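User: Please take a close look at the sheet of this model and at the packing around it. I would like one connected account, with the criteria stated.

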Amino acid sequence: MSQTLDVEKLERAVKNVYRDVAEAPDEEYHFEMGRPLAERLGYPSDDLDAIPQEAMESFAGVGYHFDLADLEEGDAVLDLGSGAGTDVFVAALHVGDAGSVTGLDMTDEQLEKARQLRDEAGLDNVSFERGYIEDLPFDDATFDVVISNGVINLSPDKEQVFDEAIRVLRPDGRLAISDIISEKEMPESIKNNEDLWAACIGGAEQVDRYTQTIESTGFEV
C-alpha cells in the first residue's frame, strides 16, 4: 500500500460511489451496471430470472466466477462486498434451503436495499452483515466458499483480505473471485488518487503480484 494514500478519504469516496449505485442505479457511472452486463459476463438467464430484479439494477460486477465456486447443496457461502445482493441471491439458488449465504458490505444504503429485497423474496437462508473485508466479523472455519466480484481491488490491504478469507474458510474451502487487475504496475499518481481507487482503477494490482499475494496467504491457485 502506498504511504501517501489517505485510507479514510478512500473509504469515504468508495462509500459515496456505492451509496449512489444503490439509491440511483439509473444515473450515469464510470462502469457498466445492470442485467445486460450480468448476461454478457456469463450469468445464466435462468438464474437471473429467479432472483430479485431490483438487485440487478445495482449490479456492477466484473466477471462470472460461479463455475469456479462450484456451489453445492448445503454449502455455507460468504460474499465479500455484496452490494445490493445479486451474487448472494444467485448463490442462494445453488445452495438450497440446506445451505446459507451471507453478504458483507460496508455501505449502509447497499445493505438496506439488499435486506429489503431479501425480505420481500422471503429468503430465510440469506443474511446481510455490515463490516469490512479486511476484518471479517465471523468465527474461524465458518464457510465452505468465499466469493467476491470486483471488490478486492478497492481494498488498500489486499493481503489482509486474503488472510481473513482463508481464516473463515473451513479446511478444503474454496475462494472464487472476479476482480480488476493490471498487466503492469500503476503509476504513483494513479495509486495515490482516492477517486481513481473508488473508480476501480487505482487499486488494480499487477497480475503476477496479485497471484503471489493470494498464494502467500495459503491458498492454492
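Analyst: Axes here are lines fitted to C-alpha atoms, for helices over the stretch in contact, with angles from 0 to 180 degrees between N-to-C directions; contact means heavy atoms within 4.5 Å. Helices (H or I, at least four residues) and strands (E, at least two) are DSSP runs numbered from the N terminus. On these terms, α6 lies across β1 (76–80), β2 (100–105), β3 and β4, and runs at about 165° to β2. The model is predicted: local features need pLDDT of at least 70 and side-chain atom pairs count only at pLDDT 80 or more, while totals for chains, interfaces and linings use all residues. Residues are numbered from 1 along each chain as its sequence is written, and side-chain values use heavy atoms, with hydrogens and water left out.

The sheet itself is open and has five strands in the order β3-β2-β1-β4-β5, with parallel pairing; two strands pair if DSSP finds at least two bridges between them. Its edge strands, β3 and β5 (169–178), each pair on one side only. Neighbouring strands are turned by 20° against each other on average, direction ignored. Between β4 and β5 the parallel pairing extends over six bridges, and Val-145 has Arg-174 of β5 as its bridge partner.

Next comes the nonpolar core, a set of buried Ala, Val, Leu, Ile, Met, Phe, Trp, Tyr and Cys residues joined through side-chain atoms within 4.5 Å. Buried means under 20% relative accessible area, exposed over 50%, and partly exposed in between (1.4 Å probe, protein chains only). The largest such core has 27 residues, and Leu-71, Val-77 and Val-101 have the most contacts inside it. Among the elements that each supply at least two of its residues are α7 (108–121), β3 (126–130) and β4 (143–149); α6 (86–95) gives the most, with six residues. Beyond its neighbours within four places in sequence, Val-77 is in contact with residues including Leu-71, Ala-91, Val-101, Phe-143 and Val-145. A second, separate core of 19 residues includes Ala-76 and Leu-169.

Phe-143 also takes part in an aromatic pair. Rings of Phe, Tyr and Trp (its six-membered ring) pair if their centres lie within 6.5 Å; planes under 30 degrees apart count as stacked, over 60 as edge-to-face and the rest as tilted. The rings of Phe-138 and Phe-143 have centres 5.2 Å apart and planes at 90°, so this pair is edge-to-face. Phe-143 counts as buried at 4% relative accessibility, and Phe-138 counts as buried at 15%.
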